[in-house]
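Me: I would like a close look at a single part of the structure shown below, followed by its surroundings. Please keep the answer connected and plain.

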Number of protein chains: 2
Amino acid sequence: MNRLGSKAAAVVLLSGGLDSATAAAWARREGYRLAALSLDYGQRHRVELDCARRTAANLGITDHVVLPIDLSVFGGSALTDTGIPVPKGRAIDAMATGIPSTYVPARNTIFLSLALAMAETRQAEAIVLGINAVDYSGYPDCRPEYLDAFRAVATLATKAGVEGRPLEILAPLVALTKEEIIRLGLALDVDYGSTSSCYDPTPVGHPCGQCDSCRLRAAGFAAAGAADPRLTSG
Amino acid sequence: MNRLGSKAAAVVLLSGGLDSATAAAWARREGYRLAALSLDYGQRHRVELDCARRTAANLGITDHVVLPIDLSVFGGSALTDTGIPVPKGRAIDAMATGIPSTYVPARNTIFLSLALAMAETRQAEAIVLGINAVDYSGYPDCRPEYLDAFRAVATLATKAGVEGRPLEILAPLVALTKEEIIRLGLALDVDYGSTSSCYDPTPVGHPCGQCDSCRLRAAGFAAAGAADPRLTSG
(Lines give C-alpha, C1' and ligand atoms only; values in the text may rest on other atoms or scores of the structure.)
Protein backbone atom coordinates (compact mmCIF):
# COMPACT_ATOMS: atom_id res chain seq x y z
CA MET A 1 0.00 0.00 0.00
CA ASN A 2 1.29 3.48 -0.72
CA ARG A 3 0.53 6.63 1.22
CA LEU A 4 -2.80 7.06 -0.56
CA GLY A 5 -3.91 3.63 0.58
CA SER A 6 -3.94 2.18 -2.91
CA LYS A 7 -1.58 -0.38 -4.31
CA ALA A 8 1.72 1.06 -5.49
CA ALA A 9 2.36 0.68 -9.22
CA ALA A 10 5.49 -0.86 -10.66
CA VAL A 11 6.76 -1.38 -14.21
CA VAL A 12 8.32 -4.78 -14.77
CA LEU A 13 10.70 -5.47 -17.65
CA LEU A 14 9.34 -8.72 -19.03
CA SER A 15 11.62 -10.42 -21.53
CA GLY A 16 9.70 -13.65 -21.82
CA GLY A 17 12.47 -15.49 -20.00
CA LEU A 18 12.53 -17.37 -16.75
CA ASP A 19 14.14 -14.68 -14.62
CA SER A 20 11.85 -11.78 -15.47
CA ALA A 21 8.74 -13.97 -15.04
CA THR A 22 9.97 -14.86 -11.56
CA ALA A 23 10.76 -11.22 -10.73
CA ALA A 24 7.27 -10.22 -11.88
CA ALA A 25 5.62 -12.90 -9.74
CA TRP A 26 7.70 -11.75 -6.78
CA ALA A 27 6.59 -8.14 -7.28
CA ARG A 28 2.95 -9.18 -7.50
CA ARG A 29 3.32 -11.04 -4.21
CA GLU A 30 4.90 -7.92 -2.71
CA GLY A 31 1.65 -6.14 -3.48
CA TYR A 32 2.57 -4.05 -6.51
CA ARG A 33 0.05 -3.32 -9.22
CA LEU A 34 2.06 -4.25 -12.31
CA ALA A 35 2.47 -2.83 -15.77
CA ALA A 36 4.88 -4.60 -18.11
CA LEU A 37 7.30 -3.52 -20.82
CA SER A 38 8.81 -5.85 -23.41
CA LEU A 39 11.19 -4.85 -26.16
CA ASP A 40 11.03 -6.15 -29.70
CA TYR A 41 14.64 -5.22 -30.41
CA GLY A 42 15.56 -7.34 -33.38
CA GLN A 43 16.53 -10.35 -31.26
CA ARG A 44 16.88 -13.65 -33.09
CA HIS A 45 14.91 -15.28 -30.27
CA ARG A 46 11.69 -13.36 -30.90
CA VAL A 47 9.70 -16.32 -29.61
CA GLU A 48 10.38 -14.84 -26.19
CA LEU A 49 7.91 -12.04 -26.98
CA ASP A 50 5.10 -14.57 -27.28
CA CYS A 51 6.24 -15.92 -23.92
CA ALA A 52 6.22 -12.40 -22.47
CA ARG A 53 2.60 -12.01 -23.58
CA ARG A 54 1.64 -15.37 -22.05
CA THR A 55 3.44 -14.54 -18.82
CA ALA A 56 1.75 -11.14 -18.60
CA ALA A 57 -1.62 -12.83 -19.11
CA ASN A 58 -0.81 -15.47 -16.48
CA LEU A 59 -0.03 -12.71 -13.98
CA GLY A 60 -3.13 -10.69 -14.82
CA ILE A 61 -1.13 -7.78 -16.25
CA THR A 62 -3.32 -5.86 -18.70
CA ASP A 63 -1.07 -2.81 -19.22
CA HIS A 64 1.62 -4.51 -21.32
CA VAL A 65 3.57 -2.46 -23.88
CA VAL A 66 5.61 -4.33 -26.49
CA LEU A 67 7.80 -1.63 -27.99
CA PRO A 68 9.66 -2.11 -31.28
CA ILE A 69 13.21 -0.71 -31.28
CA ASP A 70 15.60 -2.15 -33.80
CA LEU A 71 18.93 -2.48 -32.01
CA SER A 72 20.26 -4.56 -34.90
CA VAL A 73 21.04 -1.25 -36.67
CA PHE A 74 23.99 -0.92 -34.31
CA GLY A 75 25.14 -4.53 -34.74
CA GLY A 76 27.86 -5.98 -32.59
CA SER A 77 25.91 -8.83 -30.96
CA ALA A 78 25.20 -12.45 -31.79
CA LEU A 79 21.66 -11.89 -30.48
CA THR A 80 20.79 -9.31 -33.16
CA ASP A 81 23.18 -10.26 -35.99
CA THR A 82 22.64 -13.69 -37.50
CA GLY A 83 26.13 -13.39 -39.02
CA ILE A 84 27.65 -13.77 -35.54
CA PRO A 85 27.29 -17.29 -34.14
CA VAL A 86 25.77 -17.91 -30.70
CA PRO A 87 28.33 -19.79 -28.56
CA LYS A 88 27.29 -23.40 -27.99
CA GLY A 89 28.33 -26.12 -25.59
CA ARG A 90 30.29 -23.93 -23.19
CA ALA A 91 30.86 -25.18 -19.66
CA ILE A 92 29.03 -23.08 -17.07
CA ASP A 93 32.28 -22.30 -15.24
CA ALA A 94 33.63 -20.71 -18.42
CA MET A 95 30.69 -18.36 -18.91
CA ALA A 96 31.62 -15.75 -16.33
CA THR A 97 35.09 -15.19 -17.77
CA GLY A 98 34.97 -12.41 -20.31
CA ILE A 99 32.05 -10.85 -22.14
CA PRO A 100 30.49 -13.20 -24.72
CA SER A 101 29.30 -12.41 -28.25
CA THR A 102 25.69 -12.57 -27.04
CA TYR A 103 26.25 -9.33 -25.13
CA VAL A 104 24.03 -6.61 -26.67
CA PRO A 105 25.72 -3.23 -26.32
CA ALA A 106 24.08 -1.14 -23.62
CA ARG A 107 20.96 -3.31 -23.64
CA ASN A 108 20.04 -3.09 -19.98
CA THR A 109 20.67 0.66 -19.94
CA ILE A 110 18.35 1.07 -22.93
CA PHE A 111 15.69 -1.17 -21.39
CA LEU A 112 15.90 0.53 -18.00
CA SER A 113 15.69 3.98 -19.57
CA LEU A 114 12.53 2.95 -21.45
CA ALA A 115 11.08 1.45 -18.27
CA LEU A 116 11.89 4.76 -16.59
CA ALA A 117 9.81 6.63 -19.18
CA MET A 118 6.92 4.19 -18.77
CA ALA A 119 7.19 4.38 -14.97
CA GLU A 120 6.97 8.16 -15.06
CA THR A 121 3.81 8.12 -17.15
CA ARG A 122 2.20 5.47 -14.88
CA GLN A 123 3.17 7.30 -11.67
CA ALA A 124 4.91 4.07 -10.74
CA GLU A 125 6.97 3.84 -7.59
CA ALA A 126 9.27 1.08 -8.80
CA ILE A 127 10.88 -0.63 -11.77
CA VAL A 128 11.33 -4.38 -11.39
CA LEU A 129 13.80 -6.42 -13.40
CA GLY A 130 15.04 -9.97 -13.31
CA ILE A 131 18.78 -9.52 -13.69
CA ASN A 132 21.06 -11.66 -11.60
CA ALA A 133 24.77 -11.61 -11.02
CA VAL A 134 25.43 -15.15 -9.79
CA ASP A 135 24.62 -17.64 -12.54
CA TYR A 136 24.96 -15.07 -15.28
CA SER A 137 26.69 -14.86 -18.62
CA GLY A 138 29.40 -12.30 -17.95
CA TYR A 139 27.40 -9.22 -18.94
CA PRO A 140 28.71 -6.04 -17.27
CA ASP A 141 25.23 -4.52 -16.97
CA CYS A 142 23.95 -7.27 -14.66
CA ARG A 143 26.04 -6.33 -11.63
CA PRO A 144 24.79 -4.69 -8.42
CA GLU A 145 27.16 -1.72 -8.81
CA TYR A 146 25.68 -1.06 -12.23
CA LEU A 147 22.19 -1.00 -10.74
CA ASP A 148 23.28 1.44 -8.05
CA ALA A 149 24.59 3.79 -10.73
CA PHE A 150 21.35 3.57 -12.67
CA ARG A 151 19.37 4.35 -9.51
CA ALA A 152 21.24 7.65 -9.25
CA VAL A 153 20.42 8.47 -12.88
CA ALA A 154 16.75 7.64 -12.34
CA THR A 155 16.52 10.00 -9.39
CA LEU A 156 18.21 12.90 -11.16
CA ALA A 157 16.59 12.39 -14.55
CA THR A 158 12.95 12.44 -13.75
CA LYS A 159 10.17 14.73 -12.66
CA ALA A 160 9.30 12.29 -9.84
CA GLY A 161 12.89 12.20 -8.59
CA VAL A 162 13.20 15.98 -8.70
CA GLU A 163 9.96 16.28 -6.77
CA GLY A 164 11.26 13.99 -4.02
CA ARG A 165 9.72 10.69 -5.12
CA PRO A 166 12.69 8.67 -6.36
CA LEU A 167 11.86 5.43 -8.14
CA GLU A 168 12.91 2.16 -6.61
CA ILE A 169 14.91 -0.06 -8.96
CA LEU A 170 14.14 -3.56 -7.70
CA ALA A 171 16.23 -6.53 -8.80
CA PRO A 172 15.01 -9.25 -6.42
CA LEU A 173 17.03 -11.99 -8.13
CA VAL A 174 20.35 -10.19 -8.29
CA ALA A 175 21.97 -12.30 -5.56
CA LEU A 176 20.20 -15.60 -6.28
CA THR A 177 21.54 -18.63 -8.12
CA LYS A 178 19.51 -20.07 -10.99
CA GLU A 179 18.47 -22.90 -8.68
CA GLU A 180 17.20 -20.42 -6.08
CA ILE A 181 15.37 -18.43 -8.74
CA ILE A 182 13.57 -21.53 -9.96
CA ARG A 183 12.68 -22.63 -6.40
CA LEU A 184 11.28 -19.14 -5.74
CA GLY A 185 9.31 -19.14 -8.97
CA LEU A 186 7.84 -22.60 -8.34
CA ALA A 187 6.76 -21.47 -4.87
CA LEU A 188 5.06 -18.49 -6.56
CA ASP A 189 3.32 -20.75 -9.11
CA VAL A 190 5.19 -19.29 -12.09
CA ASP A 191 4.31 -21.21 -15.25
CA TYR A 192 7.78 -21.83 -16.63
CA GLY A 193 6.22 -23.55 -19.62
CA SER A 194 5.29 -20.02 -20.74
CA THR A 195 8.90 -18.81 -20.62
CA SER A 196 11.73 -19.16 -23.11
CA SER A 197 15.41 -18.75 -22.34
CA CYS A 198 17.11 -19.97 -25.51
CA TYR A 199 19.25 -17.51 -27.51
CA ASP A 200 18.98 -19.51 -30.71
CA PRO A 201 15.65 -21.35 -30.88
CA THR A 202 14.38 -23.30 -33.87
CA PRO A 203 11.93 -21.50 -36.19
CA VAL A 204 9.01 -22.91 -34.20
CA GLY A 205 10.56 -21.78 -30.90
CA HIS A 206 12.10 -24.97 -29.53
CA PRO A 207 15.22 -24.40 -27.40
CA CYS A 208 18.60 -25.38 -28.87
CA GLY A 209 19.74 -26.90 -25.58
CA GLN A 210 23.37 -25.86 -26.13
CA CYS A 211 23.62 -22.07 -25.79
CA ASP A 212 24.76 -20.54 -22.47
CA SER A 213 21.21 -19.64 -21.54
CA CYS A 214 19.82 -23.14 -22.22
CA ARG A 215 22.64 -24.73 -20.24
CA LEU A 216 22.18 -22.41 -17.24
CA ARG A 217 18.45 -23.11 -17.29
CA ALA A 218 18.92 -26.88 -17.48
CA ALA A 219 21.46 -26.85 -14.64
CA GLY A 220 19.10 -24.70 -12.55
CA PHE A 221 16.15 -27.06 -12.99
CA ALA A 222 18.37 -30.06 -12.26
CA ALA A 223 19.71 -28.47 -9.07
CA ALA A 224 16.18 -27.54 -7.98
CA GLY A 225 15.07 -31.14 -8.57
CA ALA A 226 12.33 -30.07 -10.96
CA ALA A 227 11.41 -30.81 -14.55
CA ASP A 228 11.45 -27.93 -17.02
CA PRO A 229 7.89 -27.74 -18.40
CA ARG A 230 9.21 -25.87 -21.45
CA LEU A 231 10.87 -29.06 -22.63
CA THR A 232 7.66 -31.05 -22.47
CA SER A 233 5.12 -28.39 -23.50
CA GLY A 234 7.25 -27.35 -26.52
CA MET B 1 44.63 11.79 -32.00
CA ASN B 2 44.23 8.70 -29.88
CA ARG B 3 46.92 6.30 -28.75
CA LEU B 4 46.89 4.53 -32.11
CA GLY B 5 47.64 7.80 -33.90
CA SER B 6 44.25 7.89 -35.62
CA LYS B 7 41.43 10.28 -34.94
CA ALA B 8 39.28 9.32 -31.98
CA ALA B 9 35.68 8.50 -32.85
CA ALA B 10 32.70 10.12 -31.15
CA VAL B 11 28.96 9.65 -31.46
CA VAL B 12 27.00 12.89 -31.46
CA LEU B 13 23.31 13.04 -30.63
CA LEU B 14 21.97 15.21 -33.43
CA SER B 15 18.40 16.39 -32.90
CA GLY B 16 18.27 18.83 -35.80
CA GLY B 17 18.21 21.75 -33.40
CA LEU B 18 20.62 24.61 -32.86
CA ASP B 19 22.37 23.25 -29.79
CA SER B 20 23.30 19.80 -31.07
CA ALA B 21 24.51 21.26 -34.39
CA THR B 22 26.82 23.55 -32.42
CA ALA B 23 28.02 20.71 -30.19
CA ALA B 24 28.76 18.60 -33.28
CA ALA B 25 30.74 21.42 -34.92
CA TRP B 26 32.68 21.87 -31.68
CA ALA B 27 33.53 18.15 -31.55
CA ARG B 28 34.70 18.21 -35.17
CA ARG B 29 36.98 21.14 -34.35
CA GLU B 30 38.32 19.16 -31.37
CA GLY B 31 39.45 16.55 -33.86
CA TYR B 32 36.87 13.81 -33.38
CA ARG B 33 35.78 11.62 -36.26
CA LEU B 34 32.01 11.84 -35.89
CA ALA B 35 29.13 9.45 -36.24
CA ALA B 36 25.64 10.78 -35.56
CA LEU B 37 22.47 9.40 -34.01
CA SER B 38 19.03 10.96 -34.40
CA LEU B 39 15.82 9.62 -32.92
CA ASP B 40 12.52 9.52 -34.72
CA TYR B 41 10.54 9.24 -31.49
CA GLY B 42 7.08 10.35 -32.48
CA GLN B 43 7.82 14.05 -31.93
CA ARG B 44 5.31 16.47 -33.41
CA HIS B 45 8.25 18.50 -34.75
CA ARG B 46 9.54 15.81 -37.07
CA VAL B 47 10.87 18.49 -39.42
CA GLU B 48 13.90 18.51 -37.12
CA LEU B 49 14.93 15.12 -38.57
CA ASP B 50 15.31 16.71 -42.01
CA CYS B 51 17.42 19.35 -40.32
CA ALA B 52 19.50 16.65 -38.61
CA ARG B 53 20.19 15.09 -42.02
CA ARG B 54 21.18 18.48 -43.49
CA THR B 55 23.41 19.25 -40.52
CA ALA B 56 25.10 15.85 -40.73
CA ALA B 57 25.74 16.45 -44.44
CA ASN B 58 27.09 19.96 -43.73
CA LEU B 59 29.54 18.49 -41.23
CA GLY B 60 30.63 15.66 -43.53
CA ILE B 61 29.16 12.96 -41.26
CA THR B 62 28.42 9.87 -43.34
CA ASP B 63 27.67 7.41 -40.50
CA HIS B 64 24.28 8.84 -39.49
CA VAL B 65 21.67 6.53 -37.95
CA VAL B 66 18.08 7.78 -37.72
CA LEU B 67 16.43 5.29 -35.39
CA PRO B 68 12.65 4.99 -35.05
CA ILE B 69 11.42 4.53 -31.47
CA ASP B 70 7.86 5.49 -30.76
CA LEU B 71 7.90 7.17 -27.36
CA SER B 72 4.33 8.35 -27.92
CA VAL B 73 3.20 4.89 -26.70
CA PHE B 74 4.04 6.08 -23.20
CA GLY B 75 2.33 9.46 -23.61
CA GLY B 76 2.70 12.17 -21.00
CA SER B 77 4.33 14.87 -23.12
CA ALA B 78 3.11 17.72 -25.30
CA LEU B 79 5.90 16.85 -27.74
CA THR B 80 4.53 13.39 -28.50
CA ASP B 81 0.82 13.80 -27.73
CA THR B 82 -1.04 16.28 -29.90
CA GLY B 83 -3.82 16.25 -27.30
CA ILE B 84 -1.54 18.16 -24.89
CA PRO B 85 -0.96 21.77 -25.97
CA VAL B 86 2.56 23.19 -26.33
CA PRO B 87 2.89 26.22 -24.00
CA LYS B 88 3.02 29.47 -25.97
CA GLY B 89 4.05 33.01 -25.17
CA ARG B 90 5.79 32.28 -21.87
CA ALA B 91 8.32 34.81 -20.60
CA ILE B 92 11.86 33.38 -20.57
CA ASP B 93 12.21 34.04 -16.82
CA ALA B 94 9.22 31.79 -16.20
CA MET B 95 10.60 28.83 -18.12
CA ALA B 96 13.03 27.56 -15.50
CA THR B 97 10.39 27.33 -12.78
CA GLY B 98 8.86 23.88 -12.81
CA ILE B 99 8.89 21.18 -15.45
CA PRO B 100 6.79 22.06 -18.51
CA SER B 101 4.41 19.85 -20.49
CA THR B 102 7.00 19.60 -23.28
CA TYR B 103 9.16 17.45 -21.00
CA VAL B 104 9.40 13.95 -22.53
CA PRO B 105 9.72 11.37 -19.74
CA ALA B 106 13.28 10.04 -19.50
CA ARG B 107 14.11 11.30 -22.99
CA ASN B 108 17.76 12.18 -22.45
CA THR B 109 18.37 8.92 -20.58
CA ILE B 110 16.86 6.98 -23.49
CA PHE B 111 18.85 8.94 -26.06
CA LEU B 112 22.11 8.64 -24.11
CA SER B 113 21.61 4.89 -23.65
CA LEU B 114 21.11 4.46 -27.40
CA ALA B 115 24.17 6.62 -28.08
CA LEU B 116 26.03 4.36 -25.65
CA ALA B 117 25.10 1.30 -27.70
CA MET B 118 26.17 3.01 -30.93
CA ALA B 119 29.41 4.22 -29.32
CA GLU B 120 30.28 0.70 -28.23
CA THR B 121 29.83 -0.70 -31.71
CA ARG B 122 31.92 2.13 -33.25
CA GLN B 123 34.70 1.80 -30.66
CA ALA B 124 34.02 5.47 -29.96
CA GLU B 125 35.82 7.25 -27.15
CA ALA B 126 33.12 9.84 -26.52
CA ILE B 127 29.45 10.73 -26.74
CA VAL B 128 28.74 14.38 -27.54
CA LEU B 129 25.45 16.09 -26.78
CA GLY B 130 24.17 19.63 -26.90
CA ILE B 131 22.32 19.94 -23.62
CA ASN B 132 22.68 23.13 -21.66
CA ALA B 133 21.58 24.09 -18.19
CA VAL B 134 21.57 27.89 -18.44
CA ASP B 135 18.95 29.00 -20.97
CA TYR B 136 17.00 25.79 -20.70
CA SER B 137 13.40 24.84 -20.29
CA GLY B 138 13.37 23.35 -16.80
CA TYR B 139 14.08 19.76 -17.81
CA PRO B 140 15.68 17.73 -14.99
CA ASP B 141 17.80 15.68 -17.40
CA CYS B 142 19.75 18.71 -18.66
CA ARG B 143 21.69 19.37 -15.47
CA PRO B 144 25.42 18.71 -14.87
CA GLU B 145 24.71 16.41 -11.90
CA TYR B 146 22.51 14.28 -14.15
CA LEU B 147 25.34 13.97 -16.65
CA ASP B 148 27.77 12.93 -13.93
CA ALA B 149 25.39 10.16 -12.89
CA PHE B 150 25.06 8.95 -16.47
CA ARG B 151 28.86 8.89 -16.83
CA ALA B 152 29.02 6.41 -13.96
CA VAL B 153 26.39 4.21 -15.64
CA ALA B 154 28.27 4.32 -18.95
CA THR B 155 31.47 3.16 -17.31
CA LEU B 156 29.85 0.29 -15.43
CA ALA B 157 27.48 -0.80 -18.20
CA THR B 158 29.81 -1.38 -21.08
CA LYS B 159 32.46 -3.70 -22.33
CA ALA B 160 34.75 -0.71 -22.96
CA GLY B 161 34.27 0.61 -19.42
CA VAL B 162 34.89 -2.80 -17.88
CA GLU B 163 38.05 -3.11 -19.93
CA GLY B 164 39.35 0.23 -18.65
CA ARG B 165 38.33 2.49 -21.51
CA PRO B 166 35.47 4.57 -20.06
CA LEU B 167 33.58 6.69 -22.53
CA GLU B 168 33.71 10.45 -22.23
CA ILE B 169 30.28 12.09 -22.08
CA LEU B 170 30.92 15.54 -23.52
CA ALA B 171 28.38 18.34 -23.13
CA PRO B 172 30.37 21.36 -24.31
CA LEU B 173 27.38 23.72 -24.09
CA VAL B 174 26.20 22.77 -20.63
CA ALA B 175 27.38 25.99 -19.00
CA LEU B 176 26.79 28.36 -21.93
CA THR B 177 23.92 30.78 -22.46
CA LYS B 178 21.98 30.62 -25.72
CA GLU B 179 23.81 33.79 -26.81
CA GLU B 180 27.19 32.15 -26.15
CA ILE B 181 26.13 28.99 -27.97
CA ILE B 182 25.14 30.99 -31.05
CA ARG B 183 28.37 33.02 -30.99
CA LEU B 184 30.35 29.76 -30.76
CA GLY B 185 28.39 28.22 -33.60
CA LEU B 186 28.80 31.24 -35.86
CA ALA B 187 32.56 31.17 -35.21
CA LEU B 188 32.49 27.48 -36.23
CA ASP B 189 30.50 28.27 -39.42
CA VAL B 190 27.44 26.32 -38.31
CA ASP B 191 24.63 26.76 -40.84
CA TYR B 192 21.78 27.63 -38.51
CA GLY B 193 19.47 27.80 -41.51
CA SER B 194 19.69 23.99 -41.48
CA THR B 195 18.50 23.75 -37.88
CA SER B 196 15.01 23.83 -36.39
CA SER B 197 14.18 24.56 -32.76
CA CYS B 198 10.39 24.93 -32.79
CA TYR B 199 8.29 22.48 -30.76
CA ASP B 200 5.16 23.12 -32.80
CA PRO B 201 6.04 23.99 -36.39
CA THR B 202 3.55 24.44 -39.21
CA PRO B 203 2.98 21.44 -41.52
CA VAL B 204 5.69 22.77 -43.87
CA GLY B 205 8.13 23.23 -40.99
CA HIS B 206 7.94 26.95 -40.27
CA PRO B 207 8.56 27.87 -36.63
CA CYS B 208 5.59 29.02 -34.53
CA GLY B 209 7.62 31.80 -32.92
CA GLN B 210 5.80 31.48 -29.59
CA CYS B 211 6.86 28.22 -27.93
CA ASP B 212 9.59 28.23 -25.27
CA SER B 213 12.15 26.94 -27.74
CA CYS B 214 11.36 29.57 -30.39
CA ARG B 215 11.50 32.34 -27.79
CA LEU B 216 14.84 31.17 -26.37
CA ARG B 217 16.26 30.96 -29.88
CA ALA B 218 15.04 34.43 -30.85
CA ALA B 219 16.41 35.96 -27.63
CA GLY B 220 19.75 34.22 -28.22
CA PHE B 221 20.12 35.54 -31.76
CA ALA B 222 19.11 39.04 -30.61
CA ALA B 223 21.67 38.99 -27.79
CA ALA B 224 24.36 37.73 -30.17
CA GLY B 225 23.51 40.56 -32.58
CA ALA B 226 22.88 38.12 -35.42
CA ALA B 227 19.97 37.36 -37.74
CA ASP B 228 18.45 33.87 -37.56
CA PRO B 229 18.84 32.39 -41.07
CA ARG B 230 16.04 29.93 -40.32
CA LEU B 231 13.55 32.80 -40.36
CA THR B 232 14.63 33.98 -43.79
CA SER B 233 15.42 30.61 -45.43
CA GLY B 234 12.10 29.10 -44.28
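Which residues of H1(A) are buried?

Reply: The model is a predicted one. The buried residues of H1(A) are Leu18(A), Asp19(A), Ser20(A), Ala21(A), Thr22(A), Ala23(A), Ala24(A), Ala25(A), Trp26(A) and Ala27(A). That is ten of the twelve residues of the helix, and H1(A) is accordingly described as mostly covered. The helix spans residues 18-29 of chain A. From its first C-alpha to its last it reaches 17 Å, close to the 16 Å expected at 1.5 Å a residue. Just after H1(A) comes Gly31(A), with a positive phi of about 105 degrees.

In chain A, five strands form an open sheet in the order S3-S2-S1-S4-S5, and the pairing is parallel. S3 and S5 (168-170) of chain A stand at the edges, each with a single partner strand, so one side of each has no neighbour in the sheet. On average, and with direction ignored, neighbouring strands of this sheet are turned by 20 degrees against each other. Within the sheet, S1(A) (residues 9-13) and S2(A) (residues 33-40) run parallel and are joined by five bridges. Val11(A) has Ala35(A) of S2(A) opposite it. H1(A) packs on this sheet, where it touches S1, S2, S4 (126-128) and S5 of chain A. The direction of the helix makes about 170 degrees with that of S1(A).

S1(B), residues 9-13, is mostly covered, with four of its five residues buried. It pairs with S2(B), residues 33-40, in the parallel sense over five bridges, and Val11(B) has Ala35(B) in S2(B) as its bridge partner. Between these two strands the chain passes through helix H1 of chain B (residues 18-29), and this β-α-β crossover is right-handed. S1(B) is also joined by three bridges to S4(B) (residues 126-128), and these strands run parallel. Here Val12(B) stands opposite Val128(B) of S4(B).

The next topic is the contact between the chains. Chain A contributes 36 residues to it, and chain B contributes 36 residues. On the side of chain A that touches chain B, strand S3 (64-68), helix H4 (107-121), helix H5 (144-157) and helix H6 (159-162) each supply at least two residues. H4(A) gives the most, with ten residues. Sorted by class, this side of chain A has 24 nonpolar, eight polar and four charged residues.

Ile110(A) is placed in helix H4 of chain A. It counts as buried because it has 25 C-beta neighbours inside 10 Å, and the cut-off for buried is 20 or more. Apart from neighbours within four places in sequence, Ile110(A) is in contact with Ser113(B), Leu114(B) and Ala117(B). Within its own chain, Ile110(A) and Leu39(A) are 71 residues apart in sequence, with 9.8 Å between their C-alpha atoms.

Some loop residues of chain A complete the account. Gln123(A) is in the loop between H4 and S4 of chain A. Its phi is near 50 degrees, a positive value in a residue other than glycine. With 12 C-beta neighbours inside 10 Å, Gln123(A) counts as exposed, since the cut-off for exposed is 12 or fewer. Asp189(A) is found in the loop between helix H7 (178-187) and helix H8 (212-224) of chain A. Phi of Asp189(A) is near 60 degrees, again a positive value in a residue other than glycine. Asp189(A) counts as exposed because it has 10 C-beta neighbours inside 10 Å.

Cys142(A) lies in the loop between S4 and H5 of chain A. With 21 C-beta neighbours inside 10 Å, Cys142(A) counts as buried. Cys142(A) and Ala171(A) are 29 residues apart in sequence, and their C-alpha atoms are 9.7 Å apart in space.

To return to the part asked about, H1(A) is a helix of twelve residues, ten of them buried, and it packs on the sheet of chain A.

How values were computed
Residues are numbered from 1 along each chain as its sequence is written. Chains are lettered from A and ligands numbered from 1 in the order in which they are written. This is a predicted model: local features need pLDDT of at least 70, side-chain atom pairs count only at pLDDT 80 or more; totals for chains, interfaces and linings use all residues. Two residues are in contact if their C-beta atoms, placed from the backbone, lie within 7 Å. Ala, Val, Leu, Ile, Met, Phe, Trp, Tyr, Cys and Pro count as nonpolar, Asp, Glu, Lys and Arg as charged, and the others, Gly among them, as polar. The expected span of a helix is 1.5 Å times one less than its number of residues. Two strands pair if DSSP finds at least two bridges between them. A crossover is right-handed if, with the strands pointing away from the viewer, the path from the first strand over the helix to the second runs clockwise. Axes are lines fitted to C-alpha atoms, for helices over the stretch in contact, and angles run from 0 to 180 degrees between N-to-C directions.
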